[in-house]
Each structure stands twice: as C-alpha cells, then as structure tokens.
Amino acid sequence: MLVIALTALKGGVSKTTLAANLGYIAWCDRALANCSRRVCLIDLDFEQLSLTEMHRLRRRPGPDLLDIDEFVGLKRGVADAEQAGYRVCIIDTAGQNTPGLSMVADVADLCLIPVGPSELDILGILPTLRMLQRKTVPYRAVMAQTWHTETAAMRILRIRLEAEG
C-alpha cells in the first residue's frame with residue numbers, strides 16, 4: 001500500500017485540501033488504486049478535523065475515511081488498512097509540531113509538504129524539511145495557493161530544494 005502524508009509544521013498551507021483532492025484523484029484513477037478503488041483517508045488534525053468534515057459533507061462516492069483517534073493507533077491503523085485491501089492511504093496532519101508527526105513520518109512512503117508562493121511560506125517549511133531529513137523519509141515540496149507562473153519566491157524554493165538534493 002502506498003502511504004502519502006501531507007506534512008507541514010505550519011498551518012494554513014492547504015494540507016487538507018490537497019489531501020482530499022489527492023484521495024479523490026487516486027480513488028478515480030483505477031490504475032493507481034490497482035483497479036479496486038481501495039483508497040483511504042486518515043485525518044490526524046485532531047483539533048480541527050477538517051478532512052473529516054469535508055468527507056462528511058461530500059455528495060459523491062470517493063475514498064473511505066478511516067477512524068484513527070490518536071497517534072499511537074496510527075501504525076496499527078495503517079497496517080489494518082493494508083490488510084483490508086486498501087492500495088493508497090492519504091494522511092492529513094495538523095499544522096504544528098507534535099510527537100505524532102514523527103510517527104507519521106515512520107509510516108509514510110512519501111511526505112508532501114504544501115508551501116505557498118511567498119518567501120515567508122518557503123522559510124516556514126524549513127523546520128519540516130529538517131525533521132523529515134532526520135527521519136530519512138522521502139519528501140517533496142508542493143506549491144499550493146499559486147498562480148500558473150513562477151514567482152521570485154517559487155524560484156528561490158526551487159533553487160534551495162535543488163541544492164539540498
């Protein structure tokens with residue numbers, strides 16, 4: 001099972017929106033979901049539960065929302081999802097540094113870090129990058145809340161990420 005976590009120690013960067021959209025795209029893409037449409041979402045932002053609310057308000061079929069109500073249950077929940085036949089799991093996290101974020105990095109195959117187009121947004125993801133580098137989990141920054149043209153801040157991010165390898 002492919003586990004993708006949306007992580008950022010900064011709030012308001014579109015983690016939940018990206019998690020919901022990736023989950024739905026994966027659910028719609030039969031090749032990615034291995035022809036079974038077995039895609040699940042996990043909402044680990046226990047204070048806001050925005051992904052849970054978005055899922056509740058959804059008016060069309062889509063990925064399943066798994067009920068994990070604490071970080072200590074995450075590893076077991078992901079293992080249970082794989083055993084249940086899910087092919088893709090998308091995890092949404094809170095925009096703060098919690099002990100659970102380390103657990104998320106332990107179960108993820110890939111961490112995506114949404115980042116806005118301003119220099120302050122880019123500087124804001126540096127602590128997340130450092131944490132993920134220590135955990136040695138693969139990660140990628142994803143530009144969010146942007147226009148279709150590259151801004152100066154986006155160029156700076158691209159150059160910094162290329163320099164870090």
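Q: Taking a salt bridge as a side-chain nitrogen of Lys or Arg within 4 Å of a carboxyl oxygen of Asp or Glu, how many salt bridges does the count come to?
A: By that rule the count comes to 3 salt bridges. This is a predicted model, in which local features need pLDDT of at least 70 and side-chain atom pairs count only at pLDDT 80 or more, while totals for chains, interfaces and linings use all residues. Residues are numbered from 1 along each chain as its sequence is written, and side-chain values use heavy atoms, leaving out hydrogens and water.

Q: Let's start with Asp 80, then. Which residue does it form a salt bridge with?
A: Asp 80 pairs with Arg 76, and the closest N and O atoms of the two are 3.3 Å apart. Both residues belong to helix H3 (residues 74-83), where a spacing of 4 residues separates them by about one helical turn. Helices here are DSSP runs of H or I with at least four residues, strands are E runs of at least two, and both are numbered from the N terminus.

Q: Why does a spacing of three or four places matter in an α-helix?
A: An α-helix has 3.6 residues a turn, so residues three or four places apart point the same way.

Q: What about Glu 53, where does its side chain meet a partner?
A: The side chain of Glu 53 meets that of Arg 56 in a salt bridge, at 2.6 Å from N to O. These two are 3 residues apart in helix H2 (residues 50-57), which again separates them by about one helical turn. Glu 53 is partly exposed, at a relative accessible area of 35%, whereas Arg 56, at 57%, is exposed.

Q: And which residue does Asp 106 bridge to?
A: Asp 106 forms its salt bridge with Lys 135, and 2.8 Å lies between the closest N and O atoms. Asp 106 sits in helix H4 and Lys 135 in helix H6, so this pair ties together parts that are 29 residues apart in sequence. Asp 106 counts as exposed at 53% relative accessibility, while Lys 135, at 28%, counts as partly exposed.

Q: OK, so at what angle do H4 and H6 pack?
A: Helix H4 (residues 99-107) and helix H6 (residues 126-135) pack at an angle of about 50 degrees, and their axes are 10 Å apart. The axes are lines fitted to C-alpha atoms, for helices over the stretch in contact, and angles run from 0 to 180 degrees between N-to-C directions.

Q: Which residues make the contact?
A: On the H4 side the contact is made by Leu 101, Ser 102, Ala 105 and Asp 106, and on the H6 side by Met 131, Leu 132 and Lys 135, where contact means heavy atoms within 4.5 Å.

Q: Switching topic, where is Asn 21 placed?
A: Asn 21 lies in helix H1 (residues 15-28) and counts as partly exposed, at 42% relative accessibility. Asn 21 is 69 residues from Ile 90 in sequence, yet their C-alpha atoms are 9.9 Å apart in space.

Q: Last one: what pattern does the chain follow along the sequence?
A: The chain has 7 helices and 6 strands, and reads β-α-β-α-β-α-β-α-β-α-α-β-α along the sequence. Of its 165 residues, 41% count as buried, and among contacts between residues at least 6 apart in sequence, 76% join residues at least 24 apart.

Note on methods: Buried means under 20% relative accessible area, exposed over 50%, partly exposed in between (1.4 Å probe, protein chains only).
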